[in-house]
Amino acid sequence: MAQISQPAGAGERRWRRRALLTLPLLLPLAAAALGANHLYWLWHGSHIVAREVAAGETAVFGGSEWTLTGLVARPEAKPAAVPPGFTLLVADLSVKVGSAHNALKVGDTTFEQLWGACQVGVVDGQGRRWSAAKLGYTPALYPARQRDIATCGSHSLSKQPPEAVLTVREAFLVPRDVAPSVRPTLSLDGEQPYYLVFQRR
Amino acid sequence: MTEFSGLGQRLKGWLLGGVGAAIAVIVGIGLAILGTKPKPPATLDARQSIATGQWLVRPLAAYTAAGAVHGIQLKDGRALVLEAQLVNRTAETSSDYGTLFKPETGLDGKRPRPTVVLLRDGVGGRSPGLHPGLGERVAFIWPMAKGQEPPASLAFVVNSKRYKAMDNLKGLPGWFNEQPAGRFTLAVAPPGRGGVD
Amino acid sequence: MRVLMGVVVLGVAALLCYGLQASKPRPVDLARTVPVAGRQGETVRGRFLAGRVDKVEFARNLKVPFDREARTLTTDGLWVVVTLELEAMRQPVVLYRRTWNGPSGLTFHESDRAPAGLPTGFMVGQASRGRLVFEIRPEAASGASLHLSRDWISRFDSELRIDLDAIPRDPAGGPDVVDTLDLSLGGDA
C-alpha cells in the first residue's frame, strides 16, 4: 500500500487550524470587496438625495450655476400633443456654464461629461414624477432664431464655452390639477446621487 | 511496496502526478479538437421536413427574381428567393431565422443576411415573429451578385442552434453554437416562373 | 482501506457539488422581474404600473384597417384581442413585453401583423385604454394569463400576471370563437 502523505507534524497541524479559523473572517471580507463596486454604482448611478433650491436662488451643480426663471402652463404651444385633462407646463432654467474647473475639481472634467444624461423633470407632493414630453418640432417654444434656448440634452452636446449664459427650456405634459403645485427637478451624471429640486415662487 | 519518504521520493511523487496531469490535459484538448473538426453536412431530402433546434423546416421552392418580389424592391440586379414552411418548435415567439439557411454559392462574397417576408394575406410583413407551433410560409430573399448567372440548381446548408439554460456571460437562457444540420439541393427556377401558389 | 475511504469521500463530495449545482436557482431566476398576480376584471397594481383587463375575444379572422380599406387577416391558430386599461402610478413607464402565456407555458408575443392598439409609453395621471392582439394555438386559449412588464429581464421590476379566467365560452365549455372580428370599426376600445 503506497502512502504518499506522511502523518502531519505539530507545526503543520497548527497552521491548518489557523487557516480554518481565518475563514470566517476572510469570506465576508472577500464578499465585501466584490460587492463594493456594486454598492458604489448603486449610490452613484441614480438620483436619490434631493437638494432643495429656494425660490429665485442660484445653485451650483455640475460645475454650472442654475436658476429657475419660469414655470408657466402653455398648452397653446402645441395643442395637438396635449391630452384631455392635461396641460403643457414649460420650465425655464437659466444656466451660467462653469469653467469646468470650479466646483467639482475632477481634473479637467469637461462640460459634456458633467452634463451627461441631463434630466429635467417635475415632481408633485406625493412623489409622482413626469419626464420631459417628446414634442418634436415646436417653434412656439424653441424659436429657430434663439440658439440659446434649447433642451438640456441638446445644450449638453453643443460644446458651450465657459461662462456662457443659456436657457434650458423643457416642456411637460402633466394633469391640469397638479400643474400649479409641481416642482422642477434637475439631475446630471456628474452629480449623482444628488439632484436639485427647485422651489416655485 | 515502497514508502515515499525523503526528499527524493517526494520529488518522484510530484513528478509522477505532474506527468499524469499533463497527459490528461493533452488527451482532453485532443478530444476537444477532434470534436470541433467540421464534419461534412449530411445530405437531406428537400421534400421532407427538417428538424433544427428551433425550427421545423420544409423547403418549398427556390427561384430567382428581378425588379420586385413579395413587396421588396430590388435595387439592382436579381435576387435569390427560397420559400419554406417554418414551424417554431420552441416555447416562445421568435424571429431567430436569419442564419437558418445558407446558399452555398451564387451570392456576392459578403453574403448579407436575407430579407425574410411572411407569405400570408399578401401583407408581406418583414422579419415576422413566428409563434410557437404555428406554421407559416416565408420567403428568404438574398440579393445576388451583379452579373451572376442564376444556377440551375443550388445547395443550401441548414443551420441548427443548441439550447443552453445558462449562457456563459450573464447566465441567461438562449440558443447558441450554430452548426450545420445538413444540406439539401433545390432546382432554381428562372424569373417569372418561380413560386408555389 | 484508506484509498477506498478516499474514493468514497471524493464520490460523496462530487454528488454534493452536483446536487448544489442542479438544485440552486439560476441567476436569472433570482434577479428577474417580480410577478404580481391578479385576475381579469380587477385592477392589478405593480411597482410602477396598474392595469385592468376588461375583455378577451377570440376570432378565426381579423378585419383590420389597412391603407384606408379593411383587410382580412387569417391565421392557422386563433386571434385573440385583449381590451385593457393601463396607468403609470409613480413615474413614466414603458412597456415592451406584453405576452399571452398558455397553460402549458407557451409564450406568444404581441402580433406584429395586426396594427398596434396600445401605446408603449404611459404617463402618470392618464389611463390608456387599448387592445393587444395575439395569434395563439387553440389549446392555449383556456387557462392562460397575460404578462406585462417593461422588459423580461429588468431586475427586480414588477411584472403583472393577469389570469384570464373570464373568457367567453361556448355551450360546450370551450372558448367562444367568432368567425371574423372587425377592428377597423374601433369597437368600444
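In this predicted model, 23 residues of chain B are in contact with 25 residues of chain C. Putting chain B and chain C together buries about 1,900 Å², and carbon and sulfur atoms give 53% of that area. On the chain B side, the residues that lose the most area to chain C are B:Asp121, B:His131 and B:Leu134, which together account for 26% of what that side buries. Between chain B and chain C, twelve residue pairs are in polar contact. The interface of these two chains also holds three salt bridges.

One of the salt bridges between the two chains pairs B:Glu92 with C:Arg97, whose side chains meet at 3.1 Å, N to O. C:Arg97 belongs to strand S7 (residues 97-101) of chain C, while B:Glu92 sits in the loop between strand S3 (72-88) and strand S4 (101-103) of chain B, so this pair joins two chains. B:Glu92 has a relative accessibility of 27% and therefore counts as partly exposed.

A second pair to look at is C:Arg113 and B:Asp121, which form a salt bridge with their closest N and O atoms 2.6 Å apart. C:Arg113 is found in the loop between strand S8 (107-109) and strand S9 (121-122) of chain C, and B:Asp121 in the loop between strand S5 (115-118) and strand S6 (136-143) of chain B, so here too the pair joins two chains. B:Asp121 is one of the residues of chain B that lose the most area to chain C. With a relative accessible area of 24%, B:Asp121 is partly exposed. C:Arg113 has a relative accessible area of 16% and is therefore buried, the cut-off for buried being under 20%.

C:Arg113 also forms a salt bridge inside its own chain, with C:Glu135, where the closest N and O atoms are 3.1 Å apart. C:Glu135 is part of strand S10 (residues 128-136) of chain C and C:Arg113 lies in the loop between S8 and S9, so the pair ties together parts that are 22 residues apart in sequence. Both C:Arg113 and C:Glu135 are buried. Elsewhere in chain C, salt bridges link C:Arg52, C:Asp54, C:Glu85 and C:Arg129 in a network. Over all chains, the count of salt bridges comes to 24.

In soluble globular proteins, nonpolar side chains tend to be buried together. The largest nonpolar core of this model has 62 residues, and those with the most contacts inside it are A:Trp66, A:Leu186, C:Phe58, C:Trp100, C:Ile136, C:Leu146 and C:Leu148. Strand S5 (residues 78-88) of chain C contributes the largest share of this core, six residues. Apart from this core lies another, of 25 residues, among them B:Ala46, B:Ala84, B:Leu100 and B:Met144.

Not counting residues up to four places away in sequence, C:Ile136 touches C:Phe58, C:Gly77, C:Leu78, C:Val80, C:Trp100, C:Phe108 and C:Ala141, and from chain B, B:Leu134. B:Leu134 is also among the residues of chain B that lose the most area to chain C.

Two polar residues of chain C can be followed next. C:Ser145 has its place in strand S11 (residues 145-149) of chain C, and its relative accessibility of 11% is why it counts as buried. The side chain of C:Ser145 makes a polar contact of 3.0 Å with that of C:His147. Leaving aside neighbours within four places in sequence, C:Ser145 is in contact with C:Thr99, C:Trp100 and C:Asn101, and with C:Ile162, C:Asp163 and C:Leu164.

C:Asn61 is in strand S3 (residues 49-66) of chain C. C:Asn61 is buried as well, with a relative accessible area of 17%. Beyond its neighbours within four places in sequence, C:Asn61 is in contact with C:Thr72, C:Leu73, C:Thr74 and C:Trp79, and also with C:Asp179, C:Thr180 and C:Leu181.

Chain A remains to be described. Chain A contains three helices and ten strands, in the order α-β-β-β-β-α-β-β-β-α-β-β-β along the sequence. Of its 201 residues, 36% count as buried. Among the contacts in chain A with a separation of 6 or more, 71% are between residues 24 or more positions apart. Chain A exposes about 11,800 Å², with carbon and sulfur atoms supplying 59% of that surface.

How values were computed:
Residues are numbered from 1 along each chain as its sequence is written. Chains are lettered from A and ligands numbered from 1 in the order in which they are written. This is a predicted model: local features need pLDDT of at least 70, side-chain atom pairs count only at pLDDT 80 or more; totals for chains, interfaces and linings use all residues. Side-chain values use heavy atoms; hydrogens and water are left out. A nonpolar core is a set of buried Ala, Val, Leu, Ile, Met, Phe, Trp, Tyr and Cys residues joined through side-chain atoms within 4.5 Å. Buried means under 20% relative accessible area, exposed over 50%, partly exposed in between (1.4 Å probe, protein chains only). Helices (H or I, at least four residues) and strands (E, at least two) are DSSP runs, numbered from the N terminus. Contact means heavy atoms within 4.5 Å. A polar contact is a pair of N or O atoms within 3.5 Å; within protein, one must be able to donate a hydrogen and the other to accept it, and residues adjacent in sequence count only if both atoms are side-chain atoms. Accessible areas come from the Shrake-Rupley method with a 1.4 Å probe; for residues, only the protein chains shown count as cover. Buried area is the accessible area (1.4 Å probe) that two parts lose on being put together, summed over both. A salt bridge is a side-chain nitrogen of Lys or Arg within 4 Å of a carboxyl oxygen of Asp or Glu.
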